[in-house]
Amino acid sequence: MKPFEWIGKYIKPYRWRMFFALILVVIVSGLNMVKPYLSGKIVDDVIRDGQIHLLMNILYWLVGVTIVKSILDYAYKLMFESVSQNAIFEIRKELYTKLQKQDFTFFDTTRTGDIMARLTGDTDAIRHFIAGVILSIFSNSMLFIFALIMMFSINVPLTLIMLALTPIIGFFAYSLSQAGKPVFMKIREQFSKLNSVVQENISGNRVVKAFTKESYEIEKFTRENDGFRQASLEASRVWEKFVPILDSLAMMMSVVLILIGGTLVINKVISLGDLVMFNGYLWALNNPMRSVGWLINDVQRFLASAEKIISMLQREPRIKNKPDCIIGHQIQGDIEFKNVSFKYEREWVLRDIDFTVKAGQKVGIIGGTGAGKTSIMNLVARFYECTKGTILIDGIDIKDLEIRTLRDQIGMAMQDVFLFSDTIEGNIAYGSPDATMEEVLWAARTAGVQEFIDKFPEGYDTIVGERGVGLSGGQRQRIALARALLKQTPIILLDDTTSSVDMETEHRIHEALRSISQEQTTFIIAHRISSIKDADLILVLEHGEIIERGTHEELIRQKGEYYQTFLHQYGDIDSSGNQEVV
Ligand code: TTP
Ligand code: MG
């Protein structure tokens, strides 16, 4: 979609308001002609002809016109502002809604700064275009036309001469805008660099302190800060070079006018009042020419911002509902991976993954770092689509299920826990806003949140900071677990959820989990054997492949990779694999 056509869509609901505002602009431009006209009248009728009684009338007119003009000015500016604010309100809303629909791949490949820029700087460029640029183009054109009409009515040749001179101002103004363009672009770029340095520094403040890199960070900031200063100074230099030229040209036009106009007055072709009038209209000829360069820049800036916003609005997520997807299916919990292979980009991350889980069974997944455990979870929840093979839930290909139907029935505790800056209770109930306090407490007890909650004087009402600041890693994990459990879904995915809690607590949590999740199909990813040893099926993953599978006992008997891990974690106390050890 073309930017102008696109923006028209947002202005259309307010077309009458816009139309009315434009009418007011025409009236105000007309009223702007009154003052020079009356000045001419004063010179001719009052001063030359001595009709003193007209003076009061003229003054009344001047005051009246000024008041009406101010009121109308105020009214149309407000109208334009309200149209632009309403339009960008819609644009922001659409952008944000689109953002919610985007998949993991989008967020993997788009920088936060870019998304923020679309929602702030770029939408502001759109606002400026509607409230400033459109208005300015229209009102300048009106002034130009009105002034020309008035000037032609005074003297045609003089008007033609003045008109011939205006393109010179236009040319210099355009050159100024072209010279200014890269500089202003640089200012904006420098500003966004400055912003990202600050943003990263604040997010990473702990790492900065831990490695005592404060001075390095200050240096980094100073570099960008200086870049910003240089760019701004450069802009002033360009500006200061051209503005005197523009001013002098405007002055030259007055000189030419006085020269030629004066001669006409002496030769009695026009009156002195006419010359005064003419001089008054001259700015209405100059002004549009002076603005031309900036308006072109502003239009270009609008086009650039609009194109970026349009492309974000048009970007379709790869993961989306099929037109005939199954909505509202009540999941039982049978899960089957059929020859599933997967890559995020180029490298294969999972190869030929093949397993079946019956509803209510517990699956443990163990394997080294980067083996692909989290990726399996990502596929079950359809955060990414498998590259080859099929994933079936209750015999239905998950690509045929409505995304919401699927994800609403999956409780998930992710590996990198994210908590919102809200109360602990708010965080636990994030996915289940209708849950009663009893249910929240039950989830909290099961996940072991209850065990540490007394340490906080405000208990469940304690507000946790951004990303969970103020809590230990293990505490955060337990809140995330409670959040997943509270949803009471037929499928639960726990990714490394108890890695940061002590063995003792972990044991209690797993006991509690076993007692509550009889009917729930549960995936537990872990590095510790203790977390998964009771699973109905344990998958041992290595470099994206299942190298061993079975129950704990079977795997111990196989004396393979799993057995080796077991020996590492429990020592050689009982290498026969007898259960007392674990
Ligand atoms: P994971 O599936 O994240 O590996 P893991 O969960 O088994 O590892 P850990 O125990 O450390 O949690 O990653 C498998 C590979 O996929 C790894 O090489 C990194 C890559 N990968 C991506 O390229 N993009 C992603 O978003 C993720 C999650 C992984
Ligand atoms: Mg992982």
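Modeller: The axes of helix α4 (residues 53-101) and helix α6 (residues 112-154) come within 9 Å and cross at roughly 155 degrees. This is a predicted model, in which local features need pLDDT of at least 70 and side-chain atom pairs count only at pLDDT 80 or more, while totals for chains, interfaces and linings use all residues. Residues are numbered from 1 along each chain as its sequence is written.

Colleague: Why are α4 and α6 called roughly antiparallel?

Modeller: Angles over 145 degrees count as roughly antiparallel, and the axes of α4 and α6 cross at roughly 155 degrees; α4 and α6 are therefore roughly antiparallel to each other.

Colleague: Which classes of residue make up the contact of α4 with α6?

Modeller: That contact has 15 nonpolar, three polar and five charged residues. Ala, Val, Leu, Ile, Met, Phe, Trp, Tyr, Cys and Pro count as nonpolar, Asp, Glu, Lys and Arg as charged, and the others, Gly among them, as polar.

Colleague: How many cavities of 30 Å³ or more does the structure hold?

Modeller: There are two. A cavity is a set of points on a 1 Å grid over the protein atoms alone where a 1.4 Å probe fits but cannot get out, and lining residues have an atom within 4 Å of a point. The largest cavity has a volume of about 60 Å³, and its lining includes Asp-496, His-510 and Ile-524.

Colleague: What makes up the lining of the second largest cavity, by class?

Modeller: Five nonpolar, no polar and three charged residues; among them are Arg-382, Glu-385 and Lys-399.

Notes: Chains lettered and ligands numbered in written order. Heavy atoms only, no water. Axes fitted to C-alpha atoms, helices over the stretch in contact; angles between N-to-C directions. Helix = DSSP H or I, 4+ residues; strand = E, 2+ residues; numbered from the N terminus. Parallel < 35°, antiparallel > 145°, perpendicular 65-115°, else oblique. 1 Å grid on protein atoms, 1.4 Å probe; cavity = no way out; pocket = protein on both sides within 12 Å on 5 of 7 lines; lining within 4 Å. Points joined across faces, edges and corners; volume = space filled by probe spheres on them.
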